[in-house]
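Here is a friendly tour of one model, written for someone who likes to know the cut-offs behind each term. Please have a look at the sequence and the fold before reading on.

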Amino acid sequence: NISLILVMINLVIITSNTIVATNAKSTHPCSPFYAYNYNLVCDNSTLTLASTDFGGTVHEKPLAVLEPTSVTEISKLIKLSNSLSTPFTIAARGQAHSVEGQAQARDGIVVNMTYLNGYRHGKGIVIVHNEKDAWKSYADVRGEQLWNDVLNAALEYGLTPLSFTDSLFTSVGGTLVNAGVGAQVFKFGPQISNVHELDVVTGKGDLVTCSEKKNSKLFFASLGGLGQFGIITRARINLGPASPKVKWLHLLYSDFSAFHKDQEYLISFNRKSDNAFDAVEGFLMLNQWPNLLGFFPTQEIPRINSLIAQHGIIYVLELGKYYDNTTQDQIDQEIEHLTSGLKFVPTFKYVQDVSYQNFLNRYANVGQGLPVQPQSWLDLFVPGSRISDINEGVFNNILFKQNLTARGIILVFPMNHTKWNDKMSVAIPDEEIFYLVSVLQTVPANMLKAFDDQKNQILEFCEISNIKIKQYLPRNKTHEEWMEHFGSKWQNFEDRKNEFDPKRILAPGQRIFN
Ligand code: FAD
């Protein structure tokens, strides 16, 4: 009897969308018809989880959560929404490592991508190893997979993805809609520059394979497209040969100018050049600073602290040099040679030997699971020509003088525009060298406002000083802010939205079109 009723309801839906749309009970995703036919889950704890993310400050409750067992189910759900006169919004949720509710959908449906993994039977990552030329190897990876799992699967063949973020516990789809930047970005570009092909379920519900040559509009729109055009269900990712070991260095600078000039010098080496560092990042030490993985020897801490006390801010150049069969003497000599002209404070050079995996996982302690305390984060791409102004106005004046104490990290490192493809959606500064400046803080709940006010002051300072930053993982709220953010790319962005998601169904948590 129940199935007969369901068939009848189904017929009514097919013959008249208007009836469905006006009949609140039958359109509610938790009504027996929808929940039963679409694997929708509506219990309170599932809905609460879907309205939580890494940031812990935005909580938008969806009507239901789709726990998909196949890509077809995602496509069916999007088509259903399109068929209604009042479509519901849909947000893919990877690992919810967003901090501003980007993976949430108020009164819409959240697609919990992690469920797909259970139905892959271990086939979510397929490595294709080119034995003649390891640089031509690739991985076919499903959108919900974790970068950590991609890395482990590739390492079994002596291979590795080329570009990583500082957390390996985000999903492939979740980072590809942003950019994916980290220590290797200067050499290989962001993660979005290392993708050959995508499968995308568009905002109309069509499953489309796209690449630079095939359906290229969707391909370029999706990379860095903040989830606005489709849900990424597969990505073909570049791989290259992996080295088992890494020399991991921290060089301490008291002079910002020497620090950023050395960074820029180090990123000017060519791709695949042996005689260069493989990883370049940087961070600040002021009041509280991260001793990553207990990097610094305990007996050195007083000396480092007195250097910080003397100068206020210390800039740490973080480097990685991959190596394999070289002897310790040889690699030590190479490191000596590579660091010989750098202008760090003499004797403040620290080197550790770590495995490749441990190096990539050096921030892992902050990336697994969702934290209990709220996060106050701001990520900016800053034109290289204005980075000294950021040092003066943001690091020295706002951050150092206000001295709000929080656990976290302040990152600053440069990258090359040439490693980015301007056809992709992501907005970046219009200069050959630009920096990532990230102020990432875990804060006490009662101090959240003070920290967020500080982030707004930083944005105001950039505005007043006419520093043409682009926000990364943007916090924009209004339509006008988004138009300004994308600048000359806006028209294209909007046109692609009209083409691939005309009913504005996808990724409402980014607050671009909703
Ligand atoms: P979610 O938060 O689940 O989703 C993010 C957005 O992507 C949402 O709009 C969602 O709807 C959409 N989305 C999710 N999956 C898909 C899909 N398959 N297809 C289409 N859209 C989808 N970023 C860097 O670049 N470099 C870093 O070094 C870095 N370090 C980080 C460290 C930590 C501890 C954390 C928490 C974040 C870090 N990030 C970094 C940011 C991170 O890359 C982004 O927040 C990323 O979106 C997280 O992926 P996720 O799977 O958690 O995505």
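## Ground rules

The model is predicted, so local features need pLDDT of at least 70 and side-chain atom pairs count only at pLDDT 80 or more, while totals for chains, interfaces and linings use all residues. Residues are numbered from 1 along each chain as its sequence is written.

## The annotated domain

An unreviewed UniProt entry carries the annotation "domain: FAD-binding PCMH-type" for residues 58-242. UniProt positions follow the numbering used here, feature names are shortened, and annotations may be inferred rather than shown by experiment. This span is 23% helix and 26% strand, with its end C-alpha atoms 39 Å apart. Helices (H or I, at least four residues) and strands (E, at least two) are DSSP runs, numbered from the N terminus.

## Around the ligand

The ligand is surrounded by 37 residues, and the closest are Gly-94, His-97, Ser-171, Gly-173 and Gly-174. Two or more shell residues come from each of β3 (90-93), α9 (172-176) and β10 (230-241). A residue is near a molecule if its C-beta atom, placed from the backbone, lies within 6 Å of it.

By class, the shell has 14 nonpolar, 20 polar and three charged residues. Here Ala, Val, Leu, Ile, Met, Phe, Trp, Tyr, Cys and Pro count as nonpolar, Asp, Glu, Lys and Arg as charged, and the others, Gly among them, as polar. The ligand lies between domain 1 (2-117) and domain 2 (121-242 + 497-507), because both give residues to its shell. The domain bounds come from an automatic or database domain assignment.

## Two helices with a buried side

In helix α8 (residues 147-155), Trp-147, Val-150, Leu-151, Ala-153 and Ala-154 are buried. Their arc around the axis is only 165°, which puts them on the same side of α8. The arc is that of the directions from the helix axis to the C-beta atoms. For burial, the count is of other C-beta atoms, placed from the backbone, within 10 Å of a residue's own: buried at 20 or more, exposed at 12 or fewer, and partly exposed in between. The packing partners of the buried α8 residues are β5 (125-128), β6 (138-142), β7 (159-161), α9, β10 and α15 (356-360).

Helix α19 (490-500) has Phe-493, Arg-496 and Phe-500 buried. These buried residues fall within an arc of 65°, so they line one face of the helix. The face turned away from them carries the exposed residues Gln-491, Asp-495 and Asn-498. The cover over the buried residues includes β8 (195-202), α11 (216-222), β10 and α18 (479-486).

Phe-164 sits in the loop between β7 and α9 and is buried, with 25 other C-beta atoms within 10 Å. Not counting residues up to four places away in sequence, Phe-164 touches Trp-147, Gly-182, Gln-184 and Leu-360. Two residues are in contact if their C-beta atoms, placed from the backbone, lie within 7 Å.

Trp-420 belongs to the loop between β16 (407-416) and β17 (433-442). Its 20 C-beta neighbours inside 10 Å make Trp-420 count as buried. With residues up to four places away in sequence left out, Trp-420 touches Gly-189, Pro-190, Ser-193 and Ile-428.

## Positive phi values

Most residues other than glycine have a negative phi. Asp-107, in the loop between β3 and β4 (109-112), has a positive phi of about 60°. Arg-511, in the segment after α19, has a positive phi near 60°.
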